[in-house]
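Trainee: Could you take one part of this structure and walk me through it closely? I would like to see how it sits among its surroundings.

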Number of protein chains: 2
Amino acid sequence: MVTDLDASDPLAQFQQRFLIPDGIVYMNGNSLGPLTRDAQLRMDKVVNDEWGRELIRGWNSAGWYELPWRVGDKIGQLAGAAPGETVVCDSTSVNLFKVVAAAFLMQEGRNTIVTEAGNFPTDLYMLDGLKRFVGDECNIDIHARADVVSSINSKTAVVVLTHVHYVSAAIFPMAEITARAHEAGALVVWDLSHSIGAIQADLNDSEVDFAVGCGYKHLNGGPGAPGFIYAAKRHHATMQQPLSGWFGHARPFEFSDEFIPAENIRRMLSGTTGVLGASALEAGVDVMLEADAAAMQEKRVRLSGLFQELVTELCVDFDLQLASPEDAADRGAHISYRHEHGYAIMQNLIARGVIGDFRAPDYMRFGFSPLFMRYADIRAAVEVLQDILTTKSYEKAEYQALNAVT
Amino acid sequence: MVTDLDASDPLAQFQQRFLIPDGIVYMNGNSLGPLTRDAQLRMDKVVNDEWGRELIRGWNSAGWYELPWRVGDKIGQLAGAAPGETVVCDSTSVNLFKVVAAAFLMQEGRNTIVTEAGNFPTDLYMLDGLKRFVGDECNIDIHARADVVSSINSKTAVVVLTHVHYVSAAIFPMAEITARAHEAGALVVWDLSHSIGAIQADLNDSEVDFAVGCGYKHLNGGPGAPGFIYAAKRHHATMQQPLSGWFGHARPFEFSDEFIPAENIRRMLSGTTGVLGASALEAGVDVMLEADAAAMQEKRVRLSGLFQELVTELCVDFDLQLASPEDAADRGAHISYRHEHGYAIMQNLIARGVIGDFRAPDYMRFGFSPLFMRYADIRAAVEVLQDILTTKSYEKAEYQALNAVT
């Protein structure tokens, strides 16, 4: 059955584009997407042909200057944004600060930012930094997931939520919450880090105000790839963000003392573009754009459902607790299980070539990437998990300091 | 004589480390340092061996996690900082925001930030963003270069200056101004973008509070390389910066909701490290650390002096105006000349393989990099300049939109 699924997989030809080492089942594209042949070739080109031969001229001749909005528009295509609404720049953390600050400044008379307890920590930390900086005029209102929506009220300036939860992979209903926020007069900022390239995010159709996201997970942009910012066109003329660097200036090469923001999405840029990172990201995104979006959605749900089904079948006796929505269609592109020995089990899995990851205190995460994973990989992974649980080989694993990176 | 200088150059062996294309005299290391063999090899390694084979494990096995402070400490060595005072992260613009905000917050009761008119624009723009954000409690006090020091007073919270001016290459006396600021109770932030890797910056000896700088100029870190932040150890416990992302957390992998800043320089970090950019930067810095600092200083002054001498000798009749200090020892690692047709002349020079750059309205900049330039290059460059001026070939050059990047 698993063999049949692979034989009829319409996305099978994409597997050869990814350079996964032999013997590895890579279930961590939700933390760091793997190297593609395209990125490999692109990095060779940007280093040797562009930096090496074009030198400073590369800003024009190799198109470095356009990278933020060229790659941004490609990501925008994956997220249901119109051209001119998305730029690549900085880290997701820094970008979140920029858009939340911009949204907050647009909402005079409202002083509260609503977010979720247990949101990805850096999002909470950046809001904390914003508050520390703005002072008592800014109130960060953190609620349990179930209470977030009902806590949006007439004092809410901005709602800051993550589309797909980094542990559970639960999906917030973006359109519905955005509509609810707008009814209350609030603006929304969505963090798409775990959804971009994994599940559909219809930014324009959902009337989303601002969004940010991560380049190094499902976009396969390379370790620490730059993030991106989306801002709906209707906000471009009024939005102002505090990190107003020269790449966000209307005419940066006039070198004037006065800051005049670009009239479009470019005002979300700050400093000089990191060309190596943005170039690798473009190569990753280009591969995503070649694939049929509906086929990716379908395969993601089937991979995720198959994993769950096999775990239920083969690992039923071992106290694994599902920490994700029950139905694969309600999850992003990963699944989490809790287990008392989760850390050691994951270390064992990794040692045996099944690479997922661990999140404190006891979550094991397994990611599903329709472009490079086979159904047979799913079966192989669960069989290794079953063996580890059956033999209790994890008891021998040493606990080491937690050092993986989401 | 030029041949003798090259024959006795103690740094001559470094030239082979740089991959400058044949026929190019590269006088723009002050905008974008050239590719080294070391960076070429390192990028091949980080892409193929680390990202490709280690995948997520690279954060530990390939040392990605330590990049910010490992590379930071190496840059600190070049700048007279103690270990543990420097981190690599983000862009120079974003880093400037972080340190100025941190310094400003430490100075309760003082509301003014003093800086120079004509400072590198992004520095002024970031201060503008900070002010727009903080509001009327923050006053940006911009003075002509000659009046900066005398404008420091009891209301001054922070003095923000660039060590080597991006157009004139004039050097601010760092120790003297820092002492003056401290006497008035102000803190200092120095932008080392045009000095790091080019001229000596004794951060500890000068008792500098904070500094930032650029990785893609004289450090040869690659296009848009990350910048760095220095903070004197005495400020680590009290400094707080608003872009408090998870990489600045004391224990990022506990994934707690509450932000607890790292107890050291790492609290200046924000989001996930851009591994590709930071790795290329490390390769560039490693080459600098191999070279003798005194020999580099001496050769920089001699290259710069020779260029000036030859321009005076060969180009005396063509209305070139020196826009830099008269004495080479008083300049950073570039020199600027003004000319009515500066833009077209520079286009001509570049077309003939002499790559400098142009800054509006009429400045031609020529950079001097002791590790990859020969004295013979200097003579060759001035001879091409002389020919262009004599034949007026620049009159044929088309004016194009300004698009080069500092």
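Mentor: Let us begin with a working definition: two residues are in contact if their C-beta atoms, placed from the backbone, lie within 7 Å. Helices (H or I, at least four residues) and strands (E, at least two) are DSSP runs, numbered from the N terminus. The model is a predicted one, in which local features need pLDDT of at least 70 and side-chain atom pairs count only at pLDDT 80 or more, while totals for chains, interfaces and linings use all residues. Residues are numbered from 1 along each chain as its sequence is written, and chains are lettered from A and ligands numbered from 1 in the order in which they are written.

Our part is helix H10 of chain B, residues 342–351. A residue is called buried if 20 or more other C-beta atoms lie within 10 Å of its own, exposed if 12 or fewer, and partly exposed in between, with C-beta atoms placed from the backbone. In H10(B), 8 of the 10 residues are buried, so the helix is largely enclosed by the rest of the structure. The buried residues run from B:Gly342 through B:Tyr343, B:Ala344, B:Ile345 and B:Met346, and then include B:Asn348, B:Leu349 and B:Ile350. Their cover includes strands S10 (334–338), S11 (354–355), S12 (357–359) and S13 (363–367) of chain B, together with helix H11 (375–391) of chain B. After H10(B) comes B:Gly353, with a positive phi near 90 degrees.

Now for the wider setting.

The contact between the chains takes 75 residues from chain A and 75 residues from chain B. On the chain A side, the elements that each supply at least two residues include helices H2 (37–54) and H8 (275–290) and strand S12 (357–359). Helix H6 of chain A gives the most, with 10 residues. By class, this side has 40 nonpolar, 27 polar and 8 charged residues, where Ala, Val, Leu, Ile, Met, Phe, Trp, Tyr, Cys and Pro count as nonpolar, Asp, Glu, Lys and Arg as charged, and the others, Gly among them, as polar.
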